[in-house]
Amino acid sequence: MNSLVLPAIYLGGCIAAMSAFSYVYRRITGSQMAEPWFGINHEKEQYITLLNCETPIPEHHLRAALLRRTMEAVRRLVEMQQEKPALQQLMRTGSIGDDLWRDFNMADEEIMAELQDIVQEANTYRENWGQTIFSTAAQMLEHEKQKTMLLDMKVLQEEEEKKRKVMEQNQEKDAKRAEEELLKLERDENKRKKK
(Lines give C-alpha, C1' and ligand atoms only; values in the text may rest on other atoms or scores of the structure.)
Protein backbone atom coordinates (compact mmCIF):
# COMPACT_ATOMS: atom_id res chain seq x y z
CA MET A 1 0.00 0.00 0.00
CA ASN A 2 2.80 2.43 0.90
CA SER A 3 4.54 1.57 -2.34
CA LEU A 4 1.56 2.84 -4.38
CA VAL A 5 1.04 6.11 -2.52
CA LEU A 6 4.28 7.77 -3.64
CA PRO A 7 3.79 7.03 -7.40
CA ALA A 8 0.13 8.12 -7.17
CA ILE A 9 1.15 11.44 -5.56
CA TYR A 10 3.86 11.91 -8.21
CA LEU A 11 1.41 11.17 -11.04
CA GLY A 12 -1.22 13.48 -9.54
CA GLY A 13 1.35 16.27 -9.18
CA CYS A 14 2.42 15.87 -12.82
CA ILE A 15 -1.19 15.99 -13.99
CA ALA A 16 -1.90 19.07 -11.86
CA ALA A 17 1.23 20.83 -13.14
CA MET A 18 0.37 20.06 -16.78
CA SER A 19 -3.21 21.21 -16.24
CA ALA A 20 -2.04 24.46 -14.69
CA PHE A 21 0.43 25.04 -17.52
CA SER A 22 -2.24 24.29 -20.14
CA TYR A 23 -4.71 26.64 -18.45
CA VAL A 24 -2.20 29.50 -18.24
CA TYR A 25 -0.95 28.94 -21.80
CA ARG A 26 -4.48 28.97 -23.22
CA ARG A 27 -5.34 32.11 -21.28
CA ILE A 28 -2.26 33.89 -22.60
CA THR A 29 -2.70 32.81 -26.22
CA GLY A 30 -6.47 33.27 -26.08
CA SER A 31 -6.14 36.85 -24.85
CA GLN A 32 -3.93 37.79 -27.79
CA MET A 33 -5.72 39.71 -30.49
CA ALA A 34 -6.77 37.51 -33.37
CA GLU A 35 -5.11 38.36 -36.67
CA PRO A 36 -7.69 39.62 -39.17
CA TRP A 37 -8.50 37.20 -41.98
CA PHE A 38 -8.58 40.02 -44.51
CA GLY A 39 -6.67 43.26 -44.55
CA ILE A 40 -8.13 46.69 -44.08
CA ASN A 41 -11.31 47.28 -46.04
CA HIS A 42 -10.29 50.45 -47.90
CA GLU A 43 -13.62 50.75 -49.69
CA LYS A 44 -15.47 50.77 -46.39
CA GLU A 45 -13.08 53.38 -45.00
CA GLN A 46 -13.55 55.56 -48.09
CA TYR A 47 -17.32 55.33 -47.82
CA ILE A 48 -17.29 56.24 -44.13
CA THR A 49 -14.93 59.12 -44.86
CA LEU A 50 -17.28 60.43 -47.53
CA LEU A 51 -20.24 60.10 -45.17
CA ASN A 52 -18.48 62.00 -42.40
CA CYS A 53 -17.10 64.71 -44.68
CA GLU A 54 -17.89 68.25 -43.57
CA THR A 55 -18.65 69.46 -47.07
CA PRO A 56 -21.77 67.97 -48.61
CA ILE A 57 -21.01 65.14 -51.02
CA PRO A 58 -23.38 64.50 -53.95
CA GLU A 59 -25.55 61.46 -53.41
CA HIS A 60 -24.36 59.73 -56.58
CA HIS A 61 -20.80 59.75 -55.18
CA LEU A 62 -22.02 58.20 -51.96
CA ARG A 63 -23.98 55.54 -53.84
CA ALA A 64 -20.93 54.76 -56.00
CA ALA A 65 -18.78 54.44 -52.87
CA LEU A 66 -21.39 52.17 -51.28
CA LEU A 67 -21.42 50.05 -54.42
CA ARG A 68 -17.61 49.76 -54.27
CA ARG A 69 -17.89 48.77 -50.62
CA THR A 70 -20.48 46.14 -51.58
CA MET A 71 -18.21 44.80 -54.31
CA GLU A 72 -15.42 44.30 -51.79
CA ALA A 73 -17.82 42.61 -49.34
CA VAL A 74 -19.07 40.26 -52.07
CA ARG A 75 -15.49 39.46 -53.13
CA ARG A 76 -14.61 38.61 -49.54
CA LEU A 77 -17.77 36.54 -49.10
CA VAL A 78 -17.03 34.52 -52.23
CA GLU A 79 -13.46 33.96 -51.06
CA MET A 80 -14.70 32.77 -47.66
CA GLN A 81 -17.19 30.39 -49.28
CA GLN A 82 -14.44 28.95 -51.44
CA GLU A 83 -12.05 28.48 -48.51
CA LYS A 84 -14.57 27.06 -46.05
CA PRO A 85 -14.78 23.44 -47.37
CA ALA A 86 -11.00 23.10 -47.47
CA LEU A 87 -10.63 24.51 -43.96
CA GLN A 88 -13.37 22.22 -42.67
CA GLN A 89 -11.55 19.24 -44.15
CA LEU A 90 -8.25 20.37 -42.63
CA MET A 91 -9.97 20.90 -39.28
CA ARG A 92 -11.43 17.37 -39.39
CA THR A 93 -8.03 15.86 -40.10
CA GLY A 94 -6.38 17.97 -37.41
CA SER A 95 -4.03 19.74 -39.80
CA ILE A 96 -5.00 23.19 -38.52
CA GLY A 97 -5.51 24.42 -35.01
CA ASP A 98 -8.53 25.82 -33.27
CA ASP A 99 -7.11 29.34 -33.45
CA LEU A 100 -7.18 29.38 -37.25
CA TRP A 101 -10.72 28.03 -37.31
CA ARG A 102 -11.73 30.65 -34.72
CA ASP A 103 -10.16 33.41 -36.85
CA PHE A 104 -12.04 32.13 -39.89
CA ASN A 105 -15.35 32.11 -38.03
CA MET A 106 -14.70 35.63 -36.71
CA ALA A 107 -14.04 36.82 -40.27
CA ASP A 108 -17.24 35.12 -41.41
CA GLU A 109 -19.22 36.92 -38.70
CA GLU A 110 -17.59 40.24 -39.66
CA ILE A 111 -18.59 39.76 -43.29
CA MET A 112 -22.18 38.93 -42.33
CA ALA A 113 -22.33 42.07 -40.17
CA GLU A 114 -20.85 44.08 -43.05
CA LEU A 115 -23.49 42.74 -45.43
CA GLN A 116 -26.29 43.66 -43.04
CA ASP A 117 -24.82 47.13 -42.63
CA ILE A 118 -24.66 47.53 -46.42
CA VAL A 119 -28.33 46.54 -46.77
CA GLN A 120 -29.32 49.17 -44.21
CA GLU A 121 -27.18 51.83 -45.89
CA ALA A 122 -28.53 50.96 -49.35
CA ASN A 123 -32.12 51.21 -48.17
CA THR A 124 -31.46 54.76 -46.95
CA TYR A 125 -30.65 55.87 -50.51
CA ARG A 126 -33.41 54.07 -52.33
CA GLU A 127 -36.17 51.84 -51.03
CA ASN A 128 -35.46 48.11 -51.57
CA TRP A 129 -32.04 48.83 -53.08
CA GLY A 130 -30.60 46.59 -50.38
CA GLN A 131 -32.15 43.60 -52.13
CA THR A 132 -30.58 44.31 -55.52
CA ILE A 133 -27.26 45.93 -54.60
CA PHE A 134 -25.55 42.58 -54.14
CA SER A 135 -26.49 41.28 -57.57
CA THR A 136 -25.30 44.57 -59.09
CA ALA A 137 -22.02 44.33 -57.18
CA ALA A 138 -21.55 40.69 -58.23
CA GLN A 139 -22.10 41.64 -61.88
CA MET A 140 -19.61 44.48 -61.58
CA LEU A 141 -17.07 42.15 -59.97
CA GLU A 142 -17.52 39.66 -62.79
CA HIS A 143 -17.08 42.44 -65.33
CA GLU A 144 -13.85 43.58 -63.63
CA LYS A 145 -12.62 39.99 -63.55
CA GLN A 146 -13.29 39.60 -67.27
CA LYS A 147 -11.60 42.91 -67.95
CA THR A 148 -8.44 41.87 -66.10
CA MET A 149 -8.50 38.50 -67.86
CA LEU A 150 -8.67 40.26 -71.24
CA LEU A 151 -5.76 42.50 -70.28
CA ASP A 152 -3.77 39.49 -69.10
CA MET A 153 -4.54 37.67 -72.33
CA LYS A 154 -3.44 40.70 -74.33
CA VAL A 155 -0.15 40.82 -72.43
CA LEU A 156 0.35 37.09 -72.99
CA GLN A 157 -0.38 37.46 -76.69
CA GLU A 158 2.17 40.27 -76.96
CA GLU A 159 4.76 38.15 -75.15
CA GLU A 160 4.02 35.19 -77.42
CA GLU A 161 4.30 37.44 -80.47
CA LYS A 162 7.69 38.70 -79.27
CA LYS A 163 8.85 35.13 -78.65
CA ARG A 164 7.62 34.08 -82.09
CA LYS A 165 9.49 36.96 -83.75
CA VAL A 166 12.67 36.10 -81.87
CA MET A 167 12.30 32.45 -82.88
CA GLU A 168 11.77 33.44 -86.52
CA GLN A 169 14.84 35.67 -86.40
CA ASN A 170 16.86 32.85 -84.86
CA GLN A 171 15.58 30.43 -87.49
CA GLU A 172 16.51 32.88 -90.26
CA LYS A 173 20.00 33.28 -88.77
CA ASP A 174 20.36 29.51 -88.49
CA ALA A 175 19.16 29.08 -92.08
CA LYS A 176 21.68 31.68 -93.30
CA ARG A 177 24.47 29.99 -91.37
CA ALA A 178 23.49 26.61 -92.74
CA GLU A 179 23.35 28.05 -96.27
CA GLU A 180 26.75 29.69 -95.85
CA GLU A 181 28.20 26.44 -94.54
CA LEU A 182 26.75 24.54 -97.50
CA LEU A 183 28.19 27.09 -99.95
CA LYS A 184 31.52 26.87 -98.19
CA LEU A 185 31.44 23.06 -98.35
CA GLU A 186 30.52 23.21 -102.05
CA ARG A 187 33.37 25.63 -102.75
CA ASP A 188 35.79 23.43 -100.84
CA GLU A 189 34.54 20.37 -102.75
CA ASN A 190 34.87 22.22 -106.08
CA LYS A 191 38.42 23.23 -105.17
CA ARG A 192 39.29 19.61 -104.36
CA LYS A 193 37.85 18.41 -107.66
CA LYS A 194 39.91 20.97 -109.58
CA LYS A 195 43.06 19.77 -107.91
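Helices are DSSP runs of H or I at least four residues long, and strands are runs of E at least two long. By this rule, the predicted model holds five helices and zero strands in its chain. From the N terminus on, the order of elements is α-α-α-α-α. The chain is more spread out than a compact globule, because its radius of gyration is 34 Å, well over the 16 Å that the globule rule gives for 195 residues. Along the principal axes, the C-alpha trace spans about 115 × 80 × 30 Å.

Of the 195 residues, 17% count as buried. Among contacts with a separation of 6 or more, 71% join residues 24 or more positions apart.

Charge was examined next. The chain carries 29 positive and 34 negative side chains. The centres of these two sets lie 10 Å apart.

Aspartate 108 sits in helix 4, which covers residues 98-125. This aspartate is buried, yet has no salt bridge. For aspartate 108, the nearest side chain of opposite charge is lysine 84, 4.0 Å away. Leaving aside residues up to four places away in sequence, aspartate 108 touches Met80 and Lys84. Lys84 is thus both a contact of aspartate 108 and its nearest side chain of opposite charge.

Key. Residues are numbered from 1 along each chain as its sequence is written. This is a predicted model: local features need pLDDT of at least 70, side-chain atom pairs count only at pLDDT 80 or more; totals for chains, interfaces and linings use all residues. Side-chain values use heavy atoms; hydrogens and water are left out. The radius of gyration is taken over C-alpha atoms; the globule rule is 2.2 Å times the number of residues to the power 0.38. Buried means under 20% relative accessible area, exposed over 50%, partly exposed in between (1.4 Å probe, protein chains only). Contact means heavy atoms within 4.5 Å. Lys and Arg count as positive and Asp and Glu as negative; His and the chain ends are not counted. The place of a charge is taken as NZ of Lys, CZ of Arg, CG of Asp or CD of Glu.
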